[in-house]
Amino acid sequence: MSLTISDEILHSTGMTSKELLIEIAVMLFEKEKVSLGKASKIAEMNYVEFQELLAQRNISLHYDVAEFQEDMKTLKETGWL
């Protein structure tokens, strides 16, 4: 699925498309809708960079076995392992 956000809406936010992707990824992670690995992919950041961003924002990592397994899969798919 692709999501298209018009330039008008993007302009009204005062953010770049990259900044908007990061905010979406952070929000989905905070609401426990996506794993850390998936959120980092949405944000187009590597795993460690996304973790550092969360730390800067004082967002704790909620992490269970299922998320660990999902993140391991994501790391293998992206060549980190």
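Biologist: What makes the secondary structure of the protein chain come to five helices and zero strands?

Modeller: Helices are DSSP runs of H or I with at least four residues, strands are E runs of at least two, and both are numbered from the N terminus. By that count the chain has five helices and zero strands, in the order α-α-α-α-α from the N terminus on. Mind that this is a predicted model, where local features need pLDDT of at least 70, side-chain atom pairs count only at pLDDT 80 or more, and totals for chains, interfaces and linings use all residues. Residues are numbered from 1 along each chain as its sequence is written, and side-chain values use heavy atoms, with hydrogens and water left out.

Biologist: Okay, why is Glu44 called exposed?

Modeller: Exposed means over 50% relative accessible area, buried under 20%, and partly exposed in between, using a 1.4 Å probe and protein chains only. Glu44 has 56%, so it goes down as exposed. This residue is in the loop between helix 3 (36-42) and helix 4 (47-56). Its phi is positive, about 55 degrees, although Glu44 is not a glycine.

Biologist: And what makes Asn58 count as exposed?

Modeller: The relative accessibility of Asn58 is 73%, therefore it counts as exposed. Asn58 lies in the loop between helix 4 and helix 5 (65-77), and it too is a non-glycine with a positive phi of about 55 degrees.

Biologist: How much of the protein chain counts as buried?

Modeller: Of its 81 residues, 30%.

Biologist: What makes a set of residues a nonpolar core?

Modeller: The members must be buried Ala, Val, Leu, Ile, Met, Phe, Trp, Tyr or Cys, joined through side-chain atoms within 4.5 Å. Here the largest such core has 15 residues, and Val26, Phe29, Phe50 and Leu54 touch the most other members. Helix 2 (17-30), helix 3 and helix 4 are the elements that give two or more residues to this core. In soluble globular proteins, nonpolar side chains tend to be buried together.

Biologist: Which residues does Leu54 contact, leaving aside neighbours within four places in sequence?

Modeller: Contact means heavy atoms within 4.5 Å. On that basis Leu54 has Val26, Phe29, Leu36, Ile59 and Leu61 as partners, once those neighbours are left aside. For the whole chain, take contacts between residues at least 6 apart in sequence: 49% of them join residues at least 24 apart.

Biologist: How far apart are the mean positions of the positive and negative charges?

Modeller: Lys and Arg count as positive, Asp and Glu as negative, with His and the chain ends not counted. Each charge is placed at NZ of Lys, CZ of Arg, CG of Asp or CD of Glu. With 8 positive and 14 negative charges, the mean positions are 6 Å apart.
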